[in-house]
Amino acid sequence: MSVPRAGLRVATAAAVLAGLAVAVPQASATGRPAVKISAKADSTTRALVQADPSRAAAAATVCGSGYALSRAIPLPVGVDPSVRKGTLFAYENSGNGCAILDNNVGGAKYMYLHVCRVDGTGCDTDTGNFSEYAGPVYLTSFACAPVTAKMGTTSSNLYFNYNSEYVFPCD
């Protein structure tokens with residue numbers, strides 16, 4: 001009877017190791033947290049996630065579970081993403097939108113994030129001095145939602161004052 005038990009132990013150990021071999025290489029191959037990216041995400045968003053996946057993943061956890069990144073905008077607009085002051089992240093989940101303004105310089109900074117429905121109603125705002133991020137701000141019916149994102153040492157000394165007709169892709 002010791003032979004079947006030994007065989008069972010070997011088979012069990014082999015199954016456990018096989019399961020680890022399937023799961024671990026994906027995590028260790030990239031060495032980075034996974035970020036769910038919307039099929040609507042543009043090339044800038046995809047490049048930002050590839051360059052700094054941990055930042056996008058951290059912002060996604062602030063929104064809650066099930067959100068996919070639909071847009072990431074390095075701010076101020078036009079700067080190399082490696083020298084950006086902030087990043088505006090827009091996530092979507094089953095008809096709901098969530099935006100985060102990420103502080104890329106560290107230390108408490110004045111931050112303002114304001115997002116509305118396309119018709120200008122249902123707005124959500126987060127403002128204050130934050131060392132990590134402003135938000136999350138949430139919206140339903142979020143397609144083409146206008147956004148304002150500001151960050152600086154004070155409300156009158158800004159690194160950027162970003163206004164756009166939309167932060168979420170228009171469907």
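This report walks through a sheet, the helices beside it and the salt bridges of a predicted model.

## The sheet

Let's start with the strands. Four of them form an open sheet, in the order β1-β2-β3-β6, and the pairing is antiparallel. Which strands sit at the edges? They are β1 and β6 (133–140), and each of these pairs on one side only. Going from one strand to the next, the twist averages 15°. As a bit of background, strands in a sheet pair through backbone hydrogen bonds, and they can do so in a parallel or an antiparallel way.

Now look at β1 and β2. This pair is antiparallel and is held over 7 bridges.

Helix α2 lies across β1 and β2, and it runs at about 85° to β1. Helix α3 packs on the sheet too, where it touches β1, β2, β3 and β6. The direction of α3 makes about 50° with that of β2.

## Lys-40 and Glu-92

How many salt bridges does the model have? The count comes to 4. One of them joins Lys-40 and Glu-92, with their closest N and O atoms 3.5 Å apart. This pair links distant parts of the chain, since Lys-40 is in the loop between α1 (2–30) and α2 (43–51), while Glu-92 is in strand β2 (residues 86–93), 52 residues away.

Are these two partners buried or exposed? Lys-40 has a relative accessibility of 39%, so it counts as partly exposed. Glu-92 has a relative accessible area of 14%, so it is buried. The cut-off behind that label is simple: buried means under 20%.

## Arg-84 and Asp-52

Another salt bridge brings together the side chains of Arg-84 and Asp-52, at 3.6 Å from N to O. Arg-84 is in the loop between β1 (68–75) and β2, and Asp-52 is in the loop between α2 and α3 (53–63), so the pair ties together parts that are 32 residues apart in sequence.

Once more, the partners get their own labels. Arg-84 counts as buried because its relative accessibility is 11%. Asp-52 has a relative accessible area of 23%, so it is partly exposed.

## Asp-102 and Arg-55

Next up is Asp-102, which you'll find in strand β3 (residues 96–103). What does its side chain meet in a salt bridge? The partner is Arg-55, with 2.8 Å between N and O. Here too, distant parts of the chain are linked: Asp-102 is in strand β3 and Arg-55 is in helix α3, 47 residues apart. Why is Asp-102 called buried? Its relative accessibility is 8%, so it counts as buried, whereas Arg-55, at 27%, counts as partly exposed.

## Joining the pairs up

Which residues are linked in a network of salt bridges? They are Asp-52, Arg-55, Arg-84 and Asp-102.

Key:
Residues are numbered from 1 along each chain as its sequence is written. This is a predicted model: local features need pLDDT of at least 70, side-chain atom pairs count only at pLDDT 80 or more; totals for chains, interfaces and linings use all residues. Side-chain values use heavy atoms; hydrogens and water are left out. Helices (H or I, at least four residues) and strands (E, at least two) are DSSP runs, numbered from the N terminus. Buried means under 20% relative accessible area, exposed over 50%, partly exposed in between (1.4 Å probe, protein chains only). Two strands pair if DSSP finds at least two bridges between them. Axes are lines fitted to C-alpha atoms, for helices over the stretch in contact, and angles run from 0 to 180 degrees between N-to-C directions. Contact means heavy atoms within 4.5 Å.
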